[in-house]
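Welcome! The report below walks through its parts one at a time.

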Protein chains: 2
Amino acid sequence: MEIINRLSRMSAISAKLLSSDVQIGLVPTMGVIHPGHVSLIEAARKMTDLVVVSIFVSRMQFHSDEEYLKYPRDFTKDVDLVSQQNVDYVFSPAEEEMFPRDFSTYVQVERFAEKLPGIPQPAYLRGMTTTVLKMIHIVRPSFLFLGLKDALRGAILRKMIRDLNLGTEVVVTPVARHPSGLAYGTRNYFLTEPEKAAAAVIYRSLKAAEEAIAHGERQAKKLIKEITRVLASEPMARLEYAFVADPETLEPVNKLHGTVLIGVGARIGANELNDSLLAETPAE
Amino acid sequence: MEIINRLSRMSAISAKLLSSDVQIGLVPTMGVIHPGHVSLIEAARKMTDLVVVSIFVSRMQFHSDEEYLKYPRDFTKDVDLVSQQNVDYVFSPAEEEMFPRDFSTYVQVERFAEKLPGIPQPAYLRGMTTTVLKMIHIVRPSFLFLGLKDALRGAILRKMIRDLNLGTEVVVTPVARHPSGLAYGTRNYFLTEPEKAAAAVIYRSLKAAEEAIAHGERQAKKLIKEITRVLASEPMARLEYAFVADPETLEPVNKLHGTVLIGVGARIGANELNDSLLAETPAE
């Protein structure tokens with residue numbers, strides 16, 4: 001496994017690989033490597049010839065400088081965890097190389113998922129799409145691996161890739177979970193043990209919605225009511241949003257049919273967590 | 001020479017060429033092929049293994065639907081002219097494939113060249129950068145060929161390419177001119193013969209500025225005064241803007257040094273024409 005810091009070296013390697021017909025898989029991360037990332041790396045290993053894990057904390061994806069600065073960074077530990085997997089390159093560019101002082105080109109997906117509760121602010125989304133577009137240009141992956149937990153991000157990136165005719169495919173893998181049901185995620189880093197235990201309610205609420213569908217429920221608002229009820233049972237949790245949407249277009253769904261994406265955002269103490277689940281509506 | 005209409009076919013061909021280490025040169029056009037395009041094709045032929053000429057009239061690059069609809073289109077004649085050159089592919093996608101109804105992803109270069117007179121409106125620029133970014137993703141050129149007449153466009157695209165870490169290089173070639181000095185350009189199509197004769201004043205004004213530099217002038221405002229004076233000598237012409245700027249950053253220059261870009265926009269009858277010249281300030 002090689003660690004690459006310089007953009008020019010990563011670009012040169014990916015150009016060379018491309019001309020040798022090697023398919024690259026990219027697992028983009030902001031560090032704080034957790035079992036969710038490991039499951040993405042495993043999926044990438046299976047589907048592609050060569051796996052690149054990027055570690056880059058993009059300032060544009062934070063709502064404030066304070067939030068950006070307090071974000072955990074432990075590069076040594078992250079590299080140690082990644083090196084235990086079968087990874088070819090860790091790409092960890094410096095901020096001043098990714099976003100030099102005069103940087104001023106942005107890519108933005110507009111008029112998409114605006115009606116969805118829980119959709120991040122435009123400034124955040126634009127930071128996310130711009131950062132990932134740059135990563136795609138540098139690493140040139142055939143496949144980009146994201147967890148279903150970040151289904152919104154996945155759908156927005158798929159839209160960007162389609163609109164801009166990029167040759168990269170987004171692969172969304174199942175959510176990796178702690179035995180309690182809590183989805184692994186970077187924000188878990190900030191949770192105390194009692195908060196972690198409490199946060200398992202989020203997945204329970206998603207499972208309750210899924211069960212309701214299995215029992216014949218087809219009204220999205222009834223599912224949201226069910227999610228709200230389950231979350232209310234946990235005093236440390238506060239529901240921020242819940243939605244039932246088309247997984248591709250992110251249009252809110254009223255009456256269920258086919259596959260739907262159910263998403264929940266909840267505050268546990270000071271931390272906003274989110275989780276998602278794809279549910280199949282049984283044929284009538 | 002093959003004519004390609006489908007995006008998927010063009011993408012498949014460029015991916016295959018890339019994996020065979022073939023360097024692609026792209027000459028982007030909106031049709032109305034003229035000697036300026038021919039000189040771009042010749043430059044591309046010399047520098048690259050394979051030449052793609054795109055013909056696509058992007059609606060986003062017009063200020064109004066009316067202007068878009070009255071834009072001249074003669075695909076048969078264009079293809080005939082291109083086929084007389086040594087071109088490998090003409091890529092001419094349909095508008096509904098390039099910009100389907102739900103298209104909504106835009107790339108924008110911000111805070112760049114804002115102070116420059118003659119810089120197009122943000123909506124136009126965004127249309128231009130988005131269209132070219134899509135073309136780059138589809139055709140994957142190593143080099144993109146533009147004429148110096150569109151030096152602004154070249155500088156903005158270079159900025160986009162640098163900010164987004166694309167592997168494409170912009171090659172700006174000298175302006176191809178009619179013996180009268182008039183730069184070949186699509187808008188010439190709309191000029192009457194007397195207007196064409198009158199329009200030669202634009203190049204004369206640029207040459208006058210260049211001569212002033214040769215005679216020791218170093219003040220940009222004096223050059224602009226000279227351009228204004230020459231243009232005023234032609235009753236059919238009306239100066240829209242003139243600038244002296246850094247060719248890379250497009251920052252306006254006050255006191256000349258090194259290479260400067262001198263640009264002029266003028267109205268001849270109902271038509272806005274533009275022209276540019278790179279001038280070298282002699283060492284003191």
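Two residues are in contact if their C-beta atoms, placed from the backbone, lie within 7 Å. Keep in mind too that this is a predicted model.

The domain assignment divides chain A into domain 1, residues 2-173, and domain 2, residues 187-280. Taken over C-alpha atoms, the centres of domain 1 and domain 2 of chain A are separated by 26 Å. Where the two meet, 13 residues of domain 1 of chain A are in contact with 16 residues of domain 2 of chain A. On the domain 1 side of this contact in chain A, 10 residues are nonpolar, one is polar and two are charged.

## The parallel sheet of chain B

Let us move to chain B, where six strands make an open sheet with parallel pairing, in the order S1-S4-S3-S2-S6-S7. At the edges sit strand S1 (2-4) and strand S7 (169-173) of chain B, each of which pairs on one side only. From one strand to the next, the twist averages 25°.

To see one pairing in detail, follow S1(B) to strand S4 (residues 89-91) of chain B: the two pair in the parallel sense over three bridges. Here Glu2(B) stands opposite Tyr89(B) in S4(B). Helices pack on this sheet as well. Helix H4 (residues 75-83) of chain B touches S1, strand S3 (50-55) and S4 of chain B, and its direction makes about 165° with that of S3(B). Helix H6 (residues 122-139) of chain B touches strand S2 (24-29), S3 and S4 of chain B, with its direction at about 150° to that of S2(B).

## The antiparallel sheet of chain A

Back in chain A, three strands form an open sheet in the order S8-S9-S10, and the pairing is antiparallel. The edge strands are S8 (237-245) and S10 (271-280) of chain A. The average twist from one strand to the next is 15°.

Strand S9 (residues 259-268) of chain A pairs with S10(A) over 10 bridges, and Leu261(A) has Leu278(A) in S10(A) opposite. Helix H9 (residues 220-232) of chain A packs on this sheet, touching S8 and S9 of chain A, and its direction makes about 160° with that of S8(A).

## Where the chains meet

How many residues does the contact take from chain B and from chain A? There are 27 residues from chain B and 27 residues from chain A. On the chain B side, the elements giving two or more residues are helix H1 (7-19), strand S5 (105-109), H6 and helix H7 (151-163) of chain B. By class, that side has 13 nonpolar, eight polar and six charged residues.

Strands also link the chains: five bridges join strand S5 (residues 105-109) of chain A to S5(B), and the two run antiparallel. Among these pairings, Gln108(A) has Tyr106(B) in S5(B) as its bridge partner.

The largest nonpolar core has 170 residues, of which Val244(A) and Val244(B) touch the most other members. Leaving aside residues up to four places away in sequence, the contacts of Val244(A) include Ala220(A), Leu223(A), Pro252(A) and Ile262(A).

Now look at Ala283(B), in the segment after strand S10 (271-280) of chain B. Is Ala283(B) buried or exposed? Ala283(B) is exposed, because 6 other C-beta atoms lie within 10 Å, and a residue counts as exposed at 12 or fewer.

Methods:
Residues are numbered from 1 along each chain as its sequence is written. Chains are lettered from A and ligands numbered from 1 in the order in which they are written. This is a predicted model: local features need pLDDT of at least 70, side-chain atom pairs count only at pLDDT 80 or more; totals for chains, interfaces and linings use all residues. Two strands pair if DSSP finds at least two bridges between them. Helices (H or I, at least four residues) and strands (E, at least two) are DSSP runs, numbered from the N terminus. Axes are lines fitted to C-alpha atoms, for helices over the stretch in contact, and angles run from 0 to 180 degrees between N-to-C directions. Domain bounds come from an automatic or database domain assignment. Ala, Val, Leu, Ile, Met, Phe, Trp, Tyr, Cys and Pro count as nonpolar, Asp, Glu, Lys and Arg as charged, and the others, Gly among them, as polar. A nonpolar core is a set of buried Ala, Val, Leu, Ile, Met, Phe, Trp, Tyr and Cys residues joined through C-beta atoms within 7 Å. A residue is buried if 20 or more other C-beta atoms lie within 10 Å of its own, exposed if 12 or fewer, and partly exposed in between; C-beta atoms are placed from the backbone.
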